[in-house]
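Good morning, colleagues. Please bring up the model on the screen, and I shall go through one chain and its contacts.

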Amino acid sequence: MKTSTREFADVTRDETSLRRFLHGLPGVDAVGVEQRSAGLGTRSIKKASKMHAIDLAISMVDLTTLEGADTPGKVRSLCAKARRPDPDRPEVPKVAAVCVYPDMVETAVAEVSGTGVGVASVATAFPSGRSSLRIKIADTEFAVEAGATEIDMVIDRGAFLSGQYGRVFDEIRTIKAACGNARLKVILETGELATYDNVRRASWLALLAGGDFIKTSTGKVSPAATLPVTHVMLQAVHDWHAATGEPRGVKPAGGIRTTKDAIRYLVAVNEVAGPRWLDPRLFRFGASSLLNDLLMQRRTQLEGHYSGPDYVTVD
Amino acid sequence: MSDRVTVAKTYKLYLGGAFPRSESGRTYPVTDARGKFLANAAQASRKDLREAVGAARKGFGKWSGATAYNRGQVLYRVAEVLEGRREQFAAEVAASEGVPQKRAQSLVDTAIDRWVWYAGWTDKIATVLGAANPVAGPYFSFSVPEPTGVVGVLAPQRSSLLGLVSVLAPALAAGCAAVVVTSQNRPLPAITLSEVLATSDVPAGVVNLLTGHTAELAPWLATHADVNALDLTGAPPELRTDLERAAAGTVKRVLRTPAEEPDWTARPDIARLRAVLETKTVWHPMGA
Amino acid sequence: MTWEYAPAPESRDIANLKANYRMFLDGEFVEGAGEPLKTVNPATEEVLAEVSTASPADVDRAVKAAKRAQDRVWGRMPGAERAKYIFRVARMIAERARELAVLESLDNGKPIKESRDTDVPTAAAHFFYHAGWADKLDHAGFGPDPRPVGVAGQVIPWNFPLLMAAWKIAPALACGNTVVLKPAETTPLTALVLAEIIQQAELPPGVVNILPGAGDIGAELVNHPGVNKVAFTGSTEVGKIIQRSLAGTGKKLTLELGGKAANIVFDDAPIDQAVEGIVNGIFFNQGHVCCAGSRLLVQESVAEEVLDKLRKRVATLRIGDPLDKNTDVGAINSREQLAKIQELVASGEDEGAVRWTSPCPVPDKGFFFAPTVFANVSQAMRIAREEIFGPVLSVLTFRTPDEAVAKANNTPYGLSAGVWTEKGSRILLMADRLRAGVVWANTFNRFDPTAPFGGYQESGFGREGGRAGLEAYLDV
């Protein structure tokens with residue numbers, strides 16, 4: 001399989017090797033990583049560089065609606081927003097993708113096909129992942145057949161936390177196979193993994209199993225994405241790239257609501273993973289309300305006065 | 001009294017756990033307070049002093065590495081053996097200092113009690129002088145007192161045993177090793193003390209006692225780069241400033257005391273312990 | 001894709017920079033009789049202000065004023081009252097934090113993020129902490145009624161101008177001493193603003209006197225017969241001179257001198273945080289830190305990986321305008337210091353160490369030195385033994401814990417050390433065996449007023465901070 005490169009063929013051979021490898025990864029010192037991310041959080045981004053960051057962030061948004069109350073109408077208006085985030089300003093970049101439940105994929109595809117906006121679907125018994133593998137595969141295939149270009153799967157946190165790394169690994173590989181050409185984002189649900197060491201292990205496990213992206217959260221568990229967790233994941237894709245030459249992506253999701261937050265993440269991307277990751281193909285924001293704040297801040301930058309919520313569209 | 005001829009004792013140096021003569025082959029006569037000849041004492045040279053510092057550095061590793069409990073036991077053992085030689089010490093102190101037998105006995109008793117007092121300190125120092133530091137951040141920080149290393153001691157000139165014990169015992173209790181230049185004119189109780197130390201489980205090199213001329217040896221002690229601290233208690237007054245200046249060459253900790261010897265019978269505080277201790281602060285993050 | 005952060009400079013107007021600064025003596029700002037000095041912004045080489053300096057006669061006046069204040073007011077004042085004055089100072093530093101931070105960065109060249117996030121808040125914290133001791137000294141373990149020493153003569157360096165002033169003044173005042181302090185010649189400004197704060201806080205005249213000047217005035221101060229206690233932070237060379245000159249005077253002395261700290265990275269370390277710790281250890285404050293982790297000892301099995309990550313990380317450090325909030329490494333404090341760094345770096349190259357210097361752009365004006373890492377360093381090289389006091393790291397390797405300890409301790413210094421390993425028992429063993437006054441395990445360069453700081457051996461004696469730090473200012 002292409003997903004585990006030759007360097008790591010040995011470590012994924014069996015459960016024992018996998019465990020040994022994951023537990024042999026350097027530890028993460030919690031205070032150290034939190035300090036580093038807080039330090040980077042004090043970077044001050046102004047003027048042209050802020051404008052650039054805002055547009056970049058917009059282009060990285062996976063505009064998301066994952067509600068029981070979602071309707072085709074809601075998804076259609078979300079897609080309109082994705083295609084053209086600020087109707088008054090056509091130069092605003094479109095977002096990277098919309099992210100919806102599998103049954104909404106068809107609606108979304110109809111709205112965005114040909115625009116360059118992707119359609120991501122959550123799958124594998126999102127958000128808990130508590131179902132049979134058969135159902136999870138079917139869930140994935142349903143979304144892919146409906147035209148999803150990206151699949152956001154959840155890992156079985158129960159299996160991970162009880163040390164069944166092989167089982168999680170196999171599941172990711174199986175889903176990856178079911179994805180066909182769709183790119184796979186592996187949701188670690190870091191809020192349930194509890195420690196940075198676990199986040200690092202789960203990141204490597206997902207990368208070994210062939211995940212194109214590692215994603216922090218479903219958005220249904222608190223805490224969702226945090227800066228230090230994202231640091232650890234960015235470090236993992238950086239190290240993976242250094243070891244294999246393969247670029248993989250990171251997607252923090254949940255809780256990123258303001259431009260200020262988004263810029264902090266971009267600074268981390270720039271300085272932890274590297275400038276190469278400042279690219280929607282390698283970094284995404286899973287968010288809904290973030291986009292409007294980015295648009296408001298963008299107007300503020302251009303118009304020289306503060307904007308208000310009535311000047312961006314509510315979707 | 002019988003007519004038996006007594007076996008005279010040869011007073012030697014105490015160095016690295018052994019009793020060598022001075023490498024220089026020199027001795028000097030020691031008299032009692034009235035000027036009557038008592039013995040020939042070895043007159044240590046700067047090379048003896050150099051050997052002593054080397055021995056002390058080795059001894060320091062063992063002594064500072066021992067548990068505080070163990071150090072306390074060893075020091076207490078010294079007091080036990082001292083007690084057993086009470087009469088001998090009293091005679092030597094009486095002869096050396098020219099005090100009445102009863103007074104000498106009392107000084108010896110106080111010296112033994114002082115030794116016991118310091119023996120009990122070994123495993124309390126860290127409790128009393130250490131700290132948990134409530135730093136403003138997610139760190140566990142603590143401070144522990146640690147022995148500074150090799151201490152050069154110029155022992156009191158007048159108080160031949162109690163004074164010596166009062167300056168040596170705190171250095172040992174703190175975990176330091178010592179190179180002691182004994183009272184120049186009253187060295188005999190110090191040499192007898194070294195025999196006690198040699199038979200009391202104090203590791204070799206932890207205490208080194210050099211008899212000889214203080215003014216000759218002190219500058220070498222003050223300038224020796226492998227000596228961490230210098231106790232000037234018995235330094236000749238006219239040399240004190242020079243010695244202190246010399247000690248600055250390697251930033252030694254210098255224990256300065258008034259030129260006039262204190263009343264050694266007074267109850268001590270822990271200032272002499274503090275003088276030969278360093279505070280080490282350790283930090284570690286707290287995080288899962 | 002490259003993304004340049006636009007400059008985000010803090011406004012220099014916030015510093016309220018004045019054209020002239022005067023010394024603070026007996027409660028008044030007065031002209032000193034010494035030759036005025038011009039203090040320079042090391043990032044631009046422009047003159048910031050003219051500062052009057054003290055003459056020997058001024059030192060004498062200041063010491064006498066301090067003595068009077070100690071005898072008549074400060075030494076007699078109930079601790080609880082002294083405390084309230086010191087609390088006031090703490091609060092007023094916090095109120096003027098931004099001004100002090102900008103002024104510090106202008107005068108010293110350190111990045112604003114450090115003066116803002118470390119120097120100034122920690123300075124305030126030192127006053128706040130020690131204020132609380134003033135009426136609790138009888139509980140400090142030095143006997144029932146420990147007395148102050150008298151007049152403290154204090155000489156501080158240029159690397160943390162305000163913070164060092166706080167480290168010196170706060171405990172002295174808490175213990176009932178009065179102070180004559182000489183800030184460093186190249187960085188007098190924040191200490192003089194502190195004087196303003198002390199005046200505004202209505203401390204009695206003479207309790208604190210701040211006298212700018214060069215080394216000769218420092219010597220005048222420490223040798224003044226009216227000074228009872230001397231505290232010096234600076235180079236080991238000058239520390240020895242002071243210790244020598246004080247011989248026989250009976251003055252109480254504490255010294256906080258140089259260092260050549262080992263930062264020891266074991267193969268099981270949390271590598272990414274270790275890299276951060278290494279960077280923070282040597283590039284914090286341009287490496288102008290006596291406890292800087294200037295010798296990296298890395299276990300051979302991970303040496304390549306660590307060096308690789310380290311170089312990558314160091315290359316992201318932004319060097320430049322100290323007032324830019326995004327600057328990580330600011331200006332070297334003076335032309336002299338820059339020359340000293342350059343000289344030692346040249347010696348490293350001559351002696352065969354492998355030099356790597358960050359490719360980051362360096363301003364063409366001002367005193368700057370790009371972060372530099374030397375690999376293949378051996379213990380015998382000057383860059384492994386001498387304090388460089390600049391952004392230069394020497395990397396050595398080791399194989400076993402014993403070897404790490406032996407190499408780390410193989411220096412006449414003993415101020416600080418770092419240990420990086422996930423193994424708890426190894427941390428405690430290393431912490432026990434390293435001969436250094438501060439051991440940072442899985443972290444580096446942490447400071448707190450509650451945590452005693454100070455060196456072993458030629459790094460000085462006495463402690464600052466914590467209960468232990470009070471001893472220096474009490475007659476015990």
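In chain C, UniProt assigns residues 29-475 to "domain: Aldehyde dehydrogenase", and the entry is unreviewed. The model before you is predicted.

I turn to strand 10 of chain C, residues 252-256. Five of its five residues are buried, so this strand is largely enclosed by the rest of the structure. Both of its faces are covered: Lys252(C), Thr254(C) and Glu256(C) lie on one side, with Leu253(C) and Leu255(C) on the other.

Which strands pair with it? Strand 9 of chain C, residues 229-233, pairs with strand 10 of chain C in the parallel sense, over five bridges. Within that pairing, Lys229(C) has Lys252(C) as its bridge partner. The chain passes from strand 9 of chain C through helix 8 of chain C to strand 10 of chain C, a right-handed β-α-β crossover. Strand 18 of chain C pairs with strand 10 of chain C in the antiparallel sense, over two bridges, and there Gly460(C) stands opposite Glu256(C).

Now the interface. Here 41 residues of chain C contact 32 residues of chain B. Helix 8 of chain C supplies the largest share of the chain C side, five residues. By class, that side has 18 nonpolar, 15 polar and eight charged residues.

Strand pairing also links the two chains. Strand 10 of chain B, residues 277-285, runs parallel to strand 17 of chain C, and three bridges join them. In this pairing, Val438(C) is the bridge partner of Thr281(B).

Key
Residues numbered from 1 in each chain as written. Chains lettered and ligands numbered in written order. Predicted model: local features only at pLDDT ≥ 70, side-chain atom pairs only at ≥ 80, totals over all residues. UniProt positions renumbered as here; feature names shortened; annotations may be inferred. Contact = placed C-beta atoms within 7 Å. Helix = DSSP H or I, 4+ residues; strand = E, 2+ residues; numbered from the N terminus. Nonpolar A, V, L, I, M, F, W, Y, C, P; charged D, E, K, R; others polar. Pairing = 2+ DSSP bridges. Buried ≥ 20, exposed ≤ 12 C-beta atoms within 10 Å, placed from the backbone. Right-handed = clockwise from strand over helix to strand, strands pointing away.
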